[in-house]
Amino acid sequence: MPSAPLLLSQAFNGLALGTLLALVSSGLTIILGTLGVLNFAHGALFMLGAYAMYVVIAHTGSFLLGILVGAMFMLVVGVLLERILIRLFYNRPHEDQILVTFGASIVIVEAVRAVFGGNSQHVPTPGWGEGIARIGFLFYPLYRLELIGIIAALLLLLYLILYRTSIGLVVRAGIEDARMVGILGINVQRAFLLVFAIGVVAAGVSGMLYAPIVSVQPDMGGNFLVEAFVVIVIGGLGSYPGAVVGGLIAGEIISITSAFDSAYSDVMLYAVMALLLVLRPQGLFGSEGRV
Amino acid sequence: MSTSLLEIDGINSYYGDSHILFDVSLQVGRNEVVALLGRNGAGKTTTLRSIMGVLAPRSGAIRLDGKPIHGLPPFEIARRGLQLVPEERAIFGQLTVEENLRLAALTAPNAWPLDRVYNFFPRLKERRRSGGRQLSGGEQQMLAIARALIRDAQVILLDEPFEGLAPLIVRDLVRVSRELAAQGRTILVVEQNVVAALSFADRVYVLNNGHMAWEGTPGALRADPALMKAHLGI
C-alpha cells in the first residue's frame, strides 16, 4: 500500500494530467462534434505545439512569448490544414477522414523529425515556475501547480467562448445539426474553419504547457491522442463538459493507479472505459445517436 | 405570373440516382398562402428542400423576386428571405428556447426583437430558459415557426407543421398560420392534414408521383371528391 503523501502527490499529478487531457480532448471533441471528423492528427499537433514553444524559447528565452507566438503559429497551421486538406473531406466517409488525418499526422511527425532529429529536446521551466511548493506536509513542483491553474483558466476561457458568445452558439448548434444551422442563414463552412482552428490551438497550447515537464520529441503526441480518444468516449462524443470531466477522471485514474503499479495505469483506464460503455454507451454527457 | 414572389420553373430533383421531381413548376404570389398537397412520397418535402437549396435540383430554375436562387447553398438562400421550417422541426435540443431564437436571428438583417416573437407565442416566453429537448411536440413546432418569424422571412416554407400534434394544438397553430397570412406573410405549406391546410390556403397544388397533377382553389378541390380521392386518398 502506497503512503498517504505519495497518494496525495499522485492525486495532484492526476489533476495536472487531467486538466491537460481535458484541454487536448476538448479540441478533439468540438472538432468531432461540429465537423464530424475524427482528427487523428490531434496528437501530432500537440507535439508541434511543444516544438514551436521550444524554438521560440531557444531564440528569445521568453516563456510567455513562446506561448503567444506558438499559439499564433498553431492558428495558422489550423487554418491552412482546414482550407487545404480537411475541407475536402467533410462529405467523404469516416474511413477517408481517418486516413487523411492519420496521413497528415505522419507527415507532421516525420517533418519535425527531419528538421530537429529524433532526440528529445529540453524546454526549460519558466522562472516563475521554478522551485517547490509546500502544501501542508506535501512538497510539490511549483510549475505543475501553476499548470493546473493556467489550464483551468484556459478551459474557462473556452467555456466562455462556447457558452457566452455568438460564435459559441453557432458551434454548439453545429455540433447537434450543422445542416439546420445552414438553413438558418449561417455559413457553416466558415464556422467549421474557426472550430478546427480553435481545436488545433487547444492541442498546440496543451503541448506548449506540457513541454517543460516532459521530454519533447517527435512521437510524444501518440500516447496523448489515444488517451484523448478514451476521454471523449468517457465524456460523450462532441460534448465539451464531457471532455473536461472525462479528462479529470482519466488523469486521476492514470495517476492513482500509477501509485500502486504504473504498469496497470492504462489497463485501468481502458477497464473503466469498457465498464462505462456497457452501462452508459453514450458517455457521461453524450446523448444517444449523436455524431 | 410575372408578379410571383417565388417561382419554381420545371425543376428536376434526384436523391442519388432516383428521380423524385419531374419538371415541377409552381408559383407563389406575394402575400399568398399556397398549400402543396399529395400522398406520402409524392415529392412534397423534396420540393421544399429543393427550394431551400438543401437538395439542389439538377435542372430547372427557382427565382425569388425574379432573381435566380437555384444552386446557391441554403445559408445564402436563407439570407435572401426564404425560410424552411422542416418536417422534423430540427430544434437544437442542447440550446435553450431563447438560444434557438438568437441563433436564428444572427444573420437576419431585419431580425425581430424577441418580444415580438413572444407576442405570437406566449408559451415560448414561459419556456424561454428550457432546453429544446424538454419541449413538447407542439412547443417544438411553435419554436420552429418562431425561428422563421424572428428572421422576418419573406417566404416561409412550412413542412407538415401539424404532423403528430394533438387536435387542440393543431387548432392553435392553424390560428397562428391564419394570422400570419392575414398579416401578408407569404407561405408555402406542405401538409397531410388536408382539412387544416385548406382552411387557410388561398391556392392549392397537388403533386402525384413527382408530377404536378392539379392546381386550383381550395373551394374547387373540396367540390371535386373524385380528385380528392385520386390524389389525396380522402
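**Notebook: a predicted two-chain model**

I started at Asp152(B), which sits in the loop between H6 and strand E7 (155–159) of chain B. Helices (H or I, at least four residues) and strands (E, at least two) are DSSP runs, numbered from the N terminus. The model is predicted, so I noted that local features need pLDDT of at least 70 and side-chain atom pairs count only at pLDDT 80 or more, while totals for chains, interfaces and linings use all residues. Residues are numbered from 1 along each chain as its sequence is written, and chains are lettered from A and ligands numbered from 1 in the order in which they are written.

**Entry 1**

Is Asp152(B) buried, exposed or partly exposed? Asp152(B) counts as partly exposed because it has 16 C-beta neighbours inside 10 Å. The cut-offs are these: a residue is buried if 20 or more other C-beta atoms lie within 10 Å of its own, exposed if 12 or fewer, and partly exposed in between, with C-beta atoms placed from the backbone.

I then turned to Asn31(B), in the loop between E2 and strand E3 (33–38) of chain B. Asn31(B) is not a glycine, yet has a positive phi of about 65°. With 14 C-beta neighbours inside 10 Å, Asn31(B) counts as partly exposed.

**Entry 2: the sheet in chain B**

I traced an open sheet of 4 strands in chain B, in the order E2-E1-E4-E5, with antiparallel pairing. Two strands pair if DSSP finds at least two bridges between them. The edge strands are E2 (18–29) and E5 (67–68) of chain B, each of which pairs on one side only.

Strand E1 (residues 4–15) of chain B is joined to E2(B) by 8 bridges in the antiparallel sense. E1(B) and E4(B) are also antiparallel, over 5 bridges. Which residues are the bridge partners of Ile8(B)? In E2(B) the partner is Leu26(B), and in E4(B) the partner is Ile62(B). I also noted Glu7(B), whose bridge partner in E2(B) is Gln27(B).

E1(B) and E2(B) form a hairpin with 2 residues between them. In the turn, Gly16(B) has a positive phi of about 60°.

I checked what lies across the sheet. Helix H1 (residues 44–52) of chain B lies across E1, E2 and strand E4 (59–64) of chain B, and runs at about 70° to E2(B). For this angle, axes are lines fitted to C-alpha atoms, for helices over the stretch in contact, and angles run from 0 to 180 degrees between N-to-C directions.

**Entry 3: Leu55(B)**

Leu55(B) is in the loop between H1 and E4 of chain B. It counts as partly exposed, with 19 C-beta neighbours inside 10 Å. Not counting residues up to four places away in sequence, Leu55(B) touches Ser13(B), Thr46(B), Arg49(B) and Ser50(B). Two residues are in contact if their C-beta atoms, placed from the backbone, lie within 7 Å.

**Entry 4: where the chains meet**

I listed the contacts between the chains: 16 residues of chain A are in contact with 22 residues of chain B. Which helix gives the most to the side of chain A that touches chain B? Helix H6 (residues 166–183) of chain A does, with 11 residues.

I looked next at helix H3 (residues 97–105) of chain B, where 7 of the 9 residues are buried. Among them are Val97(B), Glu99(B) and Leu101(B). The buried residues of H3(B) pack against H6 of chain A, together with helix H4 (114–120), helix H5 (122–126) and helix H6 (137–150) of chain B.

Ala146(B) was my next stop. Leaving aside its neighbours within four places in sequence, Ala146(B) is in contact with Leu101(B), Val117(B), Phe120(B), Phe121(B) and Leu124(B).

**Entry 5: chain A as a whole**

I counted 10 helices and 2 strands in chain A. Along the sequence the pattern is α-α-α-α-β-β-α-α-α-α-α-α. The C-alpha atoms of chain A fill a box of roughly 60 × 50 × 35 Å, taken along the principal axes. Of the 291 residues in chain A, 49% are buried. Among contacts in chain A with a separation of 6 or more, 77% join residues 24 or more positions apart.
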